[in-house]
Amino acid sequence: MILMSARLPSLSPLLTRMRDREPGLAASLLGGAVAAGLGFGSFAVLVMVLWVSSPYPDSGPGGALHVAAGLWLLAHGVELVRTDSLSGAPMPVGVTPLLPLLLPVWLVYRAARVAVDAPADADGPPPVPARTVWTGVVLGYLGVGCGLAVYCSRGELRPDWIWVTLCLPLVAAGSAAAGVWAAYGRPREPVLSALAVVPGAVRRLVLGADERARLGTAVRATGAATAVFLGGGALLLAVSLVWHGGAARASFVQLTEGWTGRFAVLLLGVALIPNGAVWAASYALGPGFLLGVGHVVQPSVSDPAPLLPPFPLLAAVPDAGAGTPQNWATGLVPVAAGVTAGWFVARGAVRRPEPGAPAPPRWSAVRTAGMVLLTATLCAAVLALLAVLAGGPLGVSALARFGPVWWQTGGAAWAWTALCGMPVAQTVRLWRLWRQRERRGEIPSQGTGPGTGRAGNTQGQGNTKDASRTKDATKPGDTAEATGKTKAEDTAEAEDTAEAEEAGQAAEETAKAKDKHAGKTKDWVNGKDSAKGKGKDSGTGRTPAALPELVPDDEEPYDFLPTDDPFPPDWHDDLARASRWAALREAAAPRDPSGPGASPDLTDPPPGATEPPDTAQ
């Protein structure tokens with residue numbers, strides 16, 4: 001017991017360090033190692049299947065695994081050296097298939113996102129620190145990658161260690177950083193902090209005060225323009241393959257006879273399709289690409305090497321000789337990319353305000369031109385990088401240079417994007433400014449007369465809505481029915497209401513003295529507003545003089561305008577009741593055909609009569 005208690009203090013520092021170690025580091029290391037293992041396993045399975053199915057295996061399973069390790073390194077951009085050439089001299093292989101490059105990039109990206117372990121809700125545990133995850137994933141991936149490079153160095157395809165130390169860390173670090181950034185919700189602070197290396201004066205000159213919005217606009221415009229470049233290049237490659245379909249089919253059959261070899265050639269051709277798209281984009285830009293030292297293929301002239309190996313993608317190379325109008329038509333691809341970049345920059349220059357948010361600042365013409373130049377620079381950098389990866393040596397001497405030259409491709413991309421994007425950006429910017437000013441009413445819309453602009457309209461447009469509502473609320477046949485009465489109907493109605501007018505004179509005079517709305521009672525009793533259709537407005541303040549502005553020239557005015565309250569306050573007056581009773585009794589009384597007859601007393605109801613029911617109550 002004494003001996004054990006004496007040993008405990010010696011273990012306490014180790015236990016403390018283990019307890020206080022950085023959380024998530026072991027999981028990050030394991031995630032990076034698993035990502036590297038899965039990538040190599042995918043290549044190994046494919047190579048082993050082809051080796052087993054091949055009728056002429058030249059080596060055992062060890063040789064197949066060496067080839068798989070070499071292909072895995074080649075997918076990262078590592079240049080390999082072939083030692084089993086016919087001449088015995090080492091032959092470099094530096095053309096990186098861009099499609100297999102996506103597999104290790106995606107695996108490292110996913111490993112970093114999973115290692116962050118971001119909680120789904122706010123109450124969960126905090127995520128693993130970004131620096132810990134990035135360090136663990138990169139170290140785990142590089143540990144497996146260096147082991148595979150050592151293993152591959154004893155095979156027929158040996159890696160160049162300069163490229164190993166350069167390409168492997170770049171792929172692992174960049175993919176892991178993207179995965180951690182995406183797991184944390186893609187914040188802008190790390191991107192902006194990376195600009196700290198740029199001097200403040202240059203950063204303010206290029207980006208200005210709202211650097212977040214301008215940097216985001218430049219990135220989006222660059223991505224859109226690059227997508228147009230690559231998409232246009234892929235389209236040109238497909239058209240050329242169809243045009244040279246016979247030569248491509250002959251080269252495919254000539255390479256090998258067995259189905260295993262043809263399947264391997266097909267897989268290699270599919271893996272090199274993105275490379276062909278980059279080559280075609282460089283061809284459309286003007287500099288073209290090299291098919292051997294001194295053999296340039298451009299729209300103006302095509303001079304492929306005479307002793308090229310038969311391969312389906314190489315069969316799509318334009319025929320030797322001067323360029324034709326079909327070759328020059330490929331210039332539409334960079335024009336489309338420049339127009340796309342300019343349109344995206346113009347969208348960022350004049351942005352639409354979000355609901356409830358203040359209006360974003362607008363860029364001046366000089367600032368818009370600067371953003372076009374920044375977009376062209378970023379686009380040139382991306383295409384130059386893709387040109388470096390898509391090309392490389394395939395041997396020595398005449399085969400030492402294959403693919404586009406990176407600085408020529410980047411320079412041509414910058415020139416095309418700037419020249420085509422500048423006028424588009426300025427034009428679209430002015431158009432969007434004009435549209436926003438017209439929407440706010442600063443500029444009168446087309447087709448309006450003087451004084452009817454959106455800002456200074458005081459009568460015409462204000463009455464248009466009321467006119468449209470009145471027109472919608474009135475049936476189409478009301479106006480024609482009211483104005484189409486015959487003279488006989490008017491005469492009969494005048495006779496019916498003549499006596500009611502005489503009886504309601506006293507009520508009219510009293511009501512005018514009591515209230516300004518007494519005229520409504522008389523009009524209701526006489527029935528002039530609803531039957532005559534004279535168009536008086538009793539409550540809205542409109543006059544018949546305003547009707548020509550509301551009604552078109554080819555239509556007649558409405559027969560009536562609706563009142564605010566059909567039952568005025570003096571509806572329940574004694575005199576009003578007496579007038580109503582007289583009008584109802586007169587309408588129900590029999591009429592003498594020989595003459596109008598004597599008018600009964602309309603002041604009081606006859607004995608025994610009851611008051612008509614009050615509908616207003």
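Helices (H or I, at least four residues) and strands (E, at least two) are taken here as DSSP runs, numbered from the N terminus. The model is a predicted one, and the points that follow should be read with that in mind.

1. The loop at A315. With the elements named in that way, A315 falls in the loop between β6 (301-302) and β7 (321-322). A315 counts as buried because its relative accessibility is 16%, and the cut-off for burial is under 20%. A315 and S240 are separated by 75 residues in sequence, yet their C-alpha atoms lie 8.7 Å apart in space.

2. Helix α12. Is α12 largely enclosed or left open by the rest of the structure? Of its 13 residues, 11 are buried, so the helix is largely enclosed by the rest of the structure; the buried residues include N275, W279, Y283 and L285.

3. Helix α15. The 26 residues of α15 (residues 365-390) should span 38 Å at 1.5 Å a residue, while the end C-alpha atoms are 37 Å apart, a value that agrees. Just after this helix, G392 adopts a positive phi of about 150°.

4. A non-glycine residue with positive phi. R186 is not a glycine, although its phi is positive, at about 55°. R186 is located in the loop between α6 (161-183) and α7 (189-194), and with a relative accessibility of 48% R186 counts as partly exposed.

5. The salt bridge. How many salt bridges does the structure hold? The structure holds 1 salt bridge, in which the side chains of E438 and R435 meet at 3.5 Å, N to O. Both E438 and R435 belong to helix α16 (residues 406-440), where they are 3 residues apart, about one turn of the helix. An α-helix has 3.6 residues a turn, so residues three or four places apart point the same way. As for accessibility, E438 counts as buried at 9% relative accessibility, whereas R435 is partly exposed, with a relative accessible area of 36%.

6. The positive patch. On the surface, R188, R220, R347, R352 and R439 gather in a patch of positive charge. One of these residues, R347, has its place in helix α14 (residues 332-349) and is partly exposed, with a relative accessible area of 40%.

7. The nonpolar patch. L46, L99, L102, W259, F263, L266, L267, V270 and I273 form a nonpolar patch on the surface, and together they have about 830 Å² of accessible area. The elements that give two or more residues to this patch are α4 (98-116) and α11 (259-271), and the largest share, 5 residues, comes from α11. L267 has its place in helix α11 and counts as partly exposed, at 30% relative accessibility.

Note on methods:
Residues numbered from 1 in each chain as written. Predicted model: local features only at pLDDT ≥ 70, side-chain atom pairs only at ≥ 80, totals over all residues. Heavy atoms only, no water. Patch = residues over 30% accessible without salt bridge, like charges linked within 9 Å, V, L, I, M, F, W, Y side chains within 5 Å. Areas by Shrake-Rupley, 256 points an atom, 1.4 Å probe, with all protein chains shown as cover. Salt bridge = Lys/Arg side-chain N within 4 Å of Asp/Glu carboxyl O. Lys, Arg positive; Asp, Glu negative; His and termini not counted. Charge placed at Lys NZ, Arg CZ, Asp CG, Glu CD. Buried < 20%, exposed > 50% of the residue type's maximum accessible area, 1.4 Å probe, protein only. Expected span 1.5 Å × (residues − 1).
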